[in-house]
Amino acid sequence: MQIDVLTLFPQMFSGPLTESIVKRAVEKKKISVELINFRNFCYDKNKQVDDYPFGGSAGMVIKPEPLFEAIDYLKEKRKGIIKKREFPIIYLTPQGERYNQKIAQDLSKEDYIVLICGHYKDIDFRVREHLVNREISIGDYVLSGGELPAMILIDSIARLQEGVLTHCESAETDSFQNRLLDGPYYTRPAEYRGYKVPEVLLSGNHKKIAEWQRKKRIEFTKKLRGDLIDD
Ligand code: ADE
């Protein structure tokens, strides 16, 4: 899967893309991430990406030109992998639909996606109206830009690619798979400071253990995230 990220701060991505499971996904060629600094698509002398908002308001707005130009460039560059007429061009914004595991699962099946990271006040609305076809928020709080949200999408998508997680790390039991939270885990020692691991986990009875684990998942979900069960 190809993920192209339009950002003014490509260096922010170096840590998350080069460690742990995302690194493995890249090494195994399950995902390929290209960071494109869209400042390079500003053709004025100073390569100025932003300007004052019409009508007056606080903050600066990213101009439409570099983003439209960058997408034109990508459409040409990726024409070999763009199979559908429309591929996801996603703008990360607190005004978008709230990100969740279902969206991660859907996106993980795409061959190609583009993530647009805004900065400053916003991007010109014409980009959102005429170029972007999906807007995603990672939660009801405001960050300085779309870079951290983009990294969150990339991580959650990378781990869902086939062959990235080992059997032990399997996403099957992750929280939110099947709309349930994950349950509790314990490791050695079986007793620590008088706190004991539940007996059933030491019993060796796989059927009983599976039943217990499922019961705990339901219990956790009801207690902590009743909304997942109700709707
Ligand atoms: N950009 C700034 N804040 C954001 C958020 N909460 N989600 C997605 N993109 C953002």
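A salt bridge is a side-chain nitrogen of Lys or Arg within 4 Å of a carboxyl oxygen of Asp or Glu. The model is predicted: local features need pLDDT of at least 70, side-chain atom pairs count only at pLDDT 80 or more, and totals for chains, interfaces and linings use all residues. Residues are numbered from 1 along each chain as its sequence is written, and side-chain values use heavy atoms, with hydrogens and water left out.

The structure holds 16 salt bridges. Among them are these pairs:

| Pair | N to O distance |
|---|---|
| R78 and D4 | 2.8 Å |
| D44 and K63 | 3.9 Å |
| E211 and K207 | 3.5 Å |

Helices (H or I, at least four residues) and strands (E, at least two) are DSSP runs, numbered from the N terminus. Accessibility is given as relative accessible area: buried is under 20%, exposed over 50%, and partly exposed in between (1.4 Å probe, protein chains only).

R78 forms a salt bridge with D4. R78 sits in the loop between α3 (64–77) and β5 (89–98) and D4 in strand β1 (residues 2–7), so the pair ties together parts 74 residues apart in sequence. R78 is buried at 10%, and D4 is buried at 0%.

D44 and K63 also meet in a salt bridge. D44 belongs to the loop between β2 (32–37) and β3 (50–51) and K63 to the loop between β4 (61–62) and α3, so this pair links parts 19 residues apart in sequence. D44 is partly exposed, at 30%.

E211 and K207 are four residues apart in helix α7 (residues 206–224), about one helical turn. E211 is partly exposed at 48%, whereas K207 is exposed at 63%.

Salt bridges with shared partners join D4, E34, K77 and R78 into one network.
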